[in-house]
Amino acid sequence: MLDRRKFLKIGATLSTLPFIPSFAMGKSIEASKISLGLVKNGEVITAAHWGILKLTIKDGKVIKSEPWEKVTKMDNPLQHYTSDMIYKCRVKYPYVRKSYLENPDDPKPELRGKEEFVRVSYDKAIKLIAKELKKTRDVKGTSAIFGGSYGWKSSGNMQNSRILLQRFLNVTGGFVGVTGDYSTGASQIIMPYVVGSIEVYEQQTSWENILKYSKYVVIWGADPLSTLRIAWTSTDQRGLAYFEKLKESKIKIICIDPVRTETAKFLNAKWVSPRPNTDVALMMGMASHLIAKKKVNYEFLQNYTIGFDRFKAYLDGQEDGIKKDVKWASQICGIDEKTITNLAEIFYDNPTMIMSGWGMQRAHHGEQPHWMLVTLCCILGQIGTKGGGFGLSYHYSNGGVPTCKSGIIGGINAGELGIWKNGKFKGLAKSNQTDQGAEWLQNSAKYSFPVARIADALLNPGKTIDHNGSKITYPDIDFIYWVGGNPLVHHQDTNNNIKAWRKPRTVVVNEIYWTPTAKIADIIMPTTSSYERDDITMTGDYSNMHIAPMKQAIEPIAESKDDYVIFSDICKEYGKDVFDAYTQNGKKAKDLIKEYYNSALKQTKNFGKAFTTPMPSFEEFWAKNEPIVFEPSMESLEWTRFTDFIEDPILNTLGTDSGLIEIYSEKIKKYNYDDCKAHPTWFEPIEWLGNADKQTPFHLITSHPRNRLHSQLCQTSLRDTYTVKDREPILINSKDAKKLGIKNGDLVRVFNKRGEVLAGAVVSDDIMQGVVRLCEGGWYDPDENGLCKYGSANVLTIDMPTSKLANGNISHTGLVGIEKFTQKVPKVTAFTNPKIL
């Protein structure tokens, strides 16, 4: 516990990081004096993944969008394009694909994405969805129904399209879902074996400790200045402010990445550029050098880890006859031996915080890099210290920003499973029931599969795969209902993915925009954007700094409706009992928002007199139209990850089998996987610069885009600021470009055996030779021959698992060829509506 004097001293260092804006502490406004309806002319506060926003409304339209508060000197351009997010590329009415409307039993799924749509009435679309969903359940069973919703749906705890879909499918009889995610598919599986927690989504050692105690900060495979523009809920923006403080400090910074990132340039960091997918070998070279130089914290290894001796035997070559020394590592990763040894000794001799990104684990054998990183940090012995150790989330959602003492806003839940007998609803299953409902609840895990295997599952019903020590058999999916995402762009190997999506009988999509996924649906329901409905959220996934109102800014566009309303209306087709179960007896969105707020309010009342940020009533909060701002606790300002474990590893054991950090895992050994051994291992990737050929000599990196959130915002005019000849930019080394006769601004064809895309060349020395970068998320835009005219990166990526353990995606593993495009330039049509009859 910090004493008050120490707390005030630390607080003084936060003067340039305003946790509470001066204008946020004004006098309370009486709720009765503020209009609760739509603002026709004026300002409205709302929130998005890219921050709390202040919208200016004129004549019922959004004409301006800006940040509610200014925290850093860095502008976040994502915050200025709300108008485009409301008015561009909108799905305005319900539509049904022509052949599906004519005969749902013979819908010609091979025409998805090629055939015209027919506008239908809202009621007809609702009845059609209900009818075909019932039919699929009756004929093929619940395991044929896939509830597809992944990831970055709109911000907001009530209007959570993913959970609303799951709630609907549960009450109507169940569904098949997915496990894991694309972002951290490998690490979130391996880390519980290593350190006993998922780690990638955990709070990090406080930035206050880093700025005070670290001598070196290593940013390994991450670009925080790009990725901290967003957060899972809504960004509190303080992560970027701390990177500004890092730049001003005397801490030395090293960036290890094939690209000299925006972060590296901003921090004027030392740039070390290993070949992609070789981070494990680089770390092993460092480990071998430290062992040879006797720069090893054996006390740490003895007290807090298990299995180092067996890992050391692997390094020494006792398993395979190959000694993993510095020379070996240098030949693989392309970094000279002196640099490897210097880095290793710097890390050992100085308090060093290693901030790793997630890109290195989105690769073939992606389980290995973070496991090896933890092993290296165990050798250094700095885990749990104030200025050292590692963190896997400093680049995501402002990890390391101190946690505030606040009420936590809840949200809609997936509900209970509906029990159906002889076509009649019998109520909701309970966890202690032994009837059919409980049996399905028990078996549902058997049907669920890793998200990165969606295409494989659709194409291969009945196939059994290994996964994390168990077996999974793919169900025969015949009905997909997808909301809140764009899987046709997000999933690897787009051409294979399209084949998969043309297999089921029915694809229903609730969507705001005419995305590539919407264009390949059978039934499209127009949904509101978050600016056309009320909601509530918090900022700072780790800091919990604000509770933000998300007030409806404008009337819904055309016939778009909230997902909650759409699913409620489909439930009516099943009967009043189902509707009541879904809506909790007819509750409206505002009723639920108020409930979630009041639950948080109740939490704060239990904090006692020490709590310094009282929450007003919901009515006053909503009327005031202003976020509530919470303060960090004294403990959170000096919080250090793993410190409790280090102080007492017996009392505070980790969640691993041994209770210690597992460099060697007996459990993984028992799985006997050939592609994931019992300790960190170097595996050669299926495609990398070590096996490149003349046709595909370049390693492709598909990083998170700086000016989008995956594919969100791609249709806005923000695209005009970064595209090259209206195509996605591809970064290529100047020497490579010269050999190919490519100049900055040229249109190029990027290709491999999986597909081909057009992209605009950005020639630079900010990327190492032999590597190119085409950021993921560009909207897929095929011509009649399958060439993506806009530059969607996943046309080129490989759809295979990281290993049998995690089955994550390997989007950063892949080789491509590049050539200057000299044919007639085709028109980009990704952002135009499909043909409507």
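**Close-up 1. Cysteine 714 is a buried residue of this predicted model.** With a relative accessibility of 0%, cysteine 714 counts as buried, and the model in which it is shown is a predicted one. Cysteine 714 takes part in no disulfide, since the nearest cysteine sulfur, which belongs to cysteine 89, is 9.0 Å away, and a disulfide would need the two sulfur atoms to be within 2.5 Å. The structure as a whole holds zero disulfides.

**Close-up 2. Cysteine 788 is likewise shown with its closest cysteine sulfur.** The closest cysteine sulfur to that of cysteine 788 is in cysteine 714, at a distance of 9.8 Å, which is too far for a bond. Cysteine 788, at 0% relative accessibility, counts as buried.

**Close-up 3. Helices H11 and H16 pack with their axes 9 Å apart.** Helix H11 covers residues 279-292 and helix H16 covers residues 367-380, and the angle at which they pack is about 20°, so that the two helices are roughly parallel to each other. Their crossing is left-handed. From H11, the residues Val280, Met283, Met284, Met286, Ala287 and Leu290 meet Gln368, Pro369, Met372, Leu373, Leu376, Ile379 and Leu380 of H16. Sorted by class, the residues of this contact between H11 and H16 comprise twelve nonpolar and one polar, with no charged residues.

**Close-up 4. Helices H4 and H21 pack at an angle of about 60°.** Helix H4 runs over residues 122-140 and helix H21 over residues 563-574, and their axes are 9 Å apart. The crossing of H4 and H21 is right-handed. On the H4 side the contact is made by Tyr122, Ile126, Lys127, Ile129, Ala130, Leu133 and Lys134, which meet Val565, Ile566, Asp569, Ile570, Glu573 and Tyr574 on the H21 side. The contact of H4 with H21 is made up of nine nonpolar and four charged residues, with no polar ones.

**Close-up 5. Histidine 546 is placed in strand E23.** The strand spans residues 546-550, and histidine 546, at 1% relative accessibility, counts as buried. Although histidine 546 and valine 629 are 83 residues apart in sequence, their C-alpha atoms are 4.8 Å apart in space. When its neighbours within four places in sequence are left aside, histidine 546 is in contact with Ile52, Trp68, Glu69, Arg238, Thr537, Met538, Thr539, Pro627, Ile628, Val629 and Phe630.

Note on methods. Residues numbered from 1 in each chain as written. Predicted model: local features only at pLDDT ≥ 70, side-chain atom pairs only at ≥ 80, totals over all residues. Heavy atoms only, no water. Buried < 20%, exposed > 50% of the residue type's maximum accessible area, 1.4 Å probe, protein only. Axes fitted to C-alpha atoms, helices over the stretch in contact; angles between N-to-C directions. Helix = DSSP H or I, 4+ residues; strand = E, 2+ residues; numbered from the N terminus. Parallel < 35°, antiparallel > 145°, perpendicular 65-115°, else oblique. Left-handed = near helix turned anticlockwise from the far one by under 90°. Contact = heavy atoms within 4.5 Å. Nonpolar A, V, L, I, M, F, W, Y, C, P; charged D, E, K, R; others polar.
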